[in-house]
Amino acid sequence: MSIDNLMVFTGNANPRLANDVVRHLNIHLGRATVSRFSDGEVMVEILENVRGKDVFVLQSTCQPTNDHLMEVMVMVDALKRASAARITAAVPYYGYARQDRRTRSARVAITAKVVANMLQGAGVDRLLTMDLHSDQIQGFFDIPVDNIYSSPILLGDIWKRNHPNLMVVSPDVGGVVRARAIAKRLECDLAIIDKRRPKPNVAKVMHIIGDVKDRTCIIMDDMVDTANTLCEAANALKEHGAQKVMAYCTHAVLSGSAAERVTNSALDELVVTDTIPLRDDARACKKIRQLSVAELLAETIRRISNEDSVSSLFIE
C-alpha cells in the first residue's frame, strides 16, 4: 500500500487526536457522518470513495465505552460494504481490557476476548493499539495486532525534566515488567508497592519494597481510572521519605471524582497522554499534564500502510 491509498476515519470519541494524526500524515481526515437515531442507535455514512483503499478507523473505546465501541463496529461494517481493501481498527485505548481472565474460577466474563471477537466479526483485518493492559490480549485475536508503547513519549518528557535522584516505582506487582523496562532505560533503581485490593477500584497499600527516602519517585502505569491506587501509592511513598512523587500513565480514564482525588493527594504531578480526551475537571486540575501521542500514532500508521517495520520504532 502507498500513502496515496491511505485513509483515516474517526468517530466521536477523540476527534482532536484524529485531526492531529492526519496532520502529521499530511492527509485529510476521511469524511463520514457518525450520528444517532432518535432511539440512540448508531448511524454511519461514509461520504467518500474508499474502494481499494487502506483504511484506518481511529477511535479509543473510552467513556461512554459501549457507544464508542459500537461506532467502531458500524464504521467498519460500512467501510467493508464500501469495498475498502483493508480495514485496521486503530484503538489507542482498548476498552474492557481489564477483564482478561477468570480469577480463581469466578463466574465472570472475559470481556477483552468478547471485544476481540466483535472486532473480527465486524470485519477488522488488523488491530493497532497502545499499551494494552496485558500483553496476552494480543493472543485473543486471529488477525495481526500491533501493540505499540507510549514509553518514547513518556521517557522523553522525563529526560527533558532532568529530575535528580530518580527511582521508578511500580504501583503493584502486575506492573513490575513495565516499570523495570523504564528503570532500565533511565538507568535508575526500582521500587515496588505491595497492595491488597479488597474489591474492584479500591486499593489499599500494604508496604513498599525498596528504599525511597529522599528520592524523586516516578510511578509508571498503563492507565489511571479512579486514581485510588496512585493516590494511596503517593501517600505511602511520601510517608516513607520520598522527596517528590510523580505519576506517568498512558490512558487517562479518570472516572468519577478522580481529578478531585488527584488534586487533594500527595502527588506532585500526574502526566498522561491524549489517547483519551480529558474531561473538564481533569483539564482544570493543575496537577494533571497531558502529552500527545499523535506523531507516534501517525508514524505507526504510515509504517503499517507502507508495510515497513513497526517494532524498529521501539528498538534502542
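The questions and answers below cover the annotated sites, then the cavity and a pocket.

Modeller: This is a predicted model, where local features need pLDDT of at least 70, side-chain atom pairs count only at pLDDT 80 or more, and totals for chains, interfaces and linings use all residues. Residues are numbered from 1 along each chain as its sequence is written, and side-chain values use heavy atoms, with hydrogens and water left out.

Biologist: Which residues does the UniProt annotation "binding site" cover?

Modeller: UniProt positions use the numbering here, feature names are shortened, and annotations may be inferred rather than shown by experiment. The entry is unreviewed, and its "binding site" covers H133 and D172. They span 40 residues in sequence, yet no two of their C-alpha atoms are more than 13.2 Å apart, so they gather at one spot. Of these residues, the lining of the largest cavity includes H133.

Biologist: Is D172 buried or exposed?

Modeller: Buried means under 20% relative accessible area, exposed over 50%, and partly exposed in between (1.4 Å probe, protein chains only). D172 sits in the loop between β8 (166-170) and α5 (176-186); helices (H or I, at least four residues) and strands (E, at least two) are DSSP runs, numbered from the N terminus. The relative accessible area of D172 is 18%, so D172 is buried.

Biologist: Which residues is H133 in contact with, leaving aside its neighbours within four places in sequence?

Modeller: H133 lies in the loop between β6 (126-130) and β7 (145-148). With a relative accessible area of 31%, H133 is partly exposed. Contact means heavy atoms within 4.5 Å. By that rule, H133 is in contact with A97, R98, R178, D222 and M223.

Biologist: How much space lies in the largest cavity?

Modeller: On a 1 Å grid over the protein atoms alone, a cavity is a set of points where a 1.4 Å probe fits but cannot get out, and a pocket is an open set with protein on both sides within 12 Å along at least five of seven lines; lining residues have an atom within 4 Å of a point. Grid points are joined across faces, edges and corners, and a volume is the space filled by probe spheres set on the points. A search of the whole structure finds one cavity of 30 Å³ or more. The space in the largest cavity is about 50 Å³.

Biologist: Which residues lie nearest the centre of the second largest pocket?

Modeller: This pocket holds about 410 Å³ of space. Its lining has 21 residues, and nearest its centre lie C62, Q63, T65, Y93 and V253.
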